[in-house]
Amino acid sequence: MFLNYPLPMRLVALQKVTAPSFFQFKDRRYLSIMAESVSNNTGKKLIRIDVSSDTVCPWCFVGKRNLDKAIAASKDRFDFEINWHPFFLNPSAPKEGVNKLDFYREKFGSRAEGILARMTEIFKGLGLEYNMSGLTGNTLDSHRLINFAGQQGLDKQHKLAEELFLGYFTQAKYVGDR
């Protein structure tokens with residue numbers, strides 16, 4: 001099982017779904033994944049996955065990385081179509097951005113250092129360096145960009161989500177920077 005760990009994620013089936021067991025989650029909060037299995041002309045089942053995520057949610061990035069691993073391990077049996085949808089962890093976040101580390105310390109108080117240490121370890125396990133420098137803030141423009149990429153093709157949308165996550169979490173890029 002690739003995604004069998006406690007994450008703030010949620011699997012929501014809107015209709016009866018035939019999906020591999022790696023899409024099962026226990027803790028349900030931030031990343032919403034809806035999966036639907038249909039037949040296609042390649043002889044493989046097509047699994048359509050709708051992901052609701054925020055571009056500043058570290059667990060959403062971890063979930064995306066693990067979803068990518070699960071897809072890679074199953075691509076000989078299934079075709080995948082992934083569609084990203086916006087979710088706003090903080091819809092009233094300032095557009096101009098605020099210091100990311102200060103924001104986390106204010107939001108999480110005495111738990112902040114433990115949370116940051118845990119995320120650093122999680123990211124290290126993915127071969128990434130968790131970077132808390134830079135700004136955080138309103139993610140509306142990043143969601144607009146993801147939507148636009150989806151109009152060009154869902155594969156482009158999925159690749160853009162990866163780039164936005166990498167930029168924000170490992171390169172201190174601000175997702176609200178036009």
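Helices (H or I, at least four residues) and strands (E, at least two) are DSSP runs, numbered from the N terminus. The model is predicted: local features need pLDDT of at least 70, side-chain atom pairs count only at pLDDT 80 or more, and totals for chains, interfaces and linings use all residues. Residues are numbered from 1 along each chain as its sequence is written, and side-chain values use heavy atoms, with hydrogens and water left out.

**View 1. Helix α1, residues 58-74.**
Helix α1 has 17 residues. From first C-alpha to last, α1 reaches 24 Å, close to the 24 Å expected at 1.5 Å a residue. The expected span is 1.5 Å times one less than the number of residues in the helix. Of the 17 residues of α1, 13 are buried, so α1 is largely enclosed by the rest of the structure. Buried means under 20% relative accessible area, exposed over 50%, and partly exposed in between (1.4 Å probe, protein chains only).

**View 2. Helices α2 and α3 packed together.**
Helix α2 covers residues 100-108, and helix α3 covers residues 112-125. They pack at an angle of about 125°, with their axes 8 Å apart. Axes are lines fitted to C-alpha atoms, for helices over the stretch in contact, and angles run from 0 to 180 degrees between N-to-C directions. The angle makes α2 oblique to α3. Angles under 35 degrees count as roughly parallel, over 145 as roughly antiparallel, 65 to 115 as roughly perpendicular, and the rest as oblique. On α2, the contact is made by Leu 101, Tyr 104, Arg 105 and Phe 108. On α3, it is made by Ala 112, Glu 113, Ile 115 and Leu 116. Contact means heavy atoms within 4.5 Å.

**View 3. Helix α5 and Ala 172, in the segment after it.**
Helix α5 has 17 residues, which should span 24 Å at 1.5 Å a residue; its end C-alpha atoms are 24 Å apart, which agrees. α5 is mostly covered, with 12 of its 17 residues buried. Among them are His 158, Leu 164, Phe 165 and Tyr 168. α5 is followed by Ala 172, whose phi is positive, near 60°. Most residues other than glycine have a negative phi. Ala 172 is partly exposed, with a relative accessible area of 25%.

**View 4. Pro 91 in a loop.**
Pro 91 lies between β4 (78-86) and β5 (98-99). Pro 91 is exposed, at 58% relative accessible area. Its C-alpha is separated by 6.7 Å from that of Asn 138. Along the chain, Pro 91 and Asn 138 are 47 residues apart.
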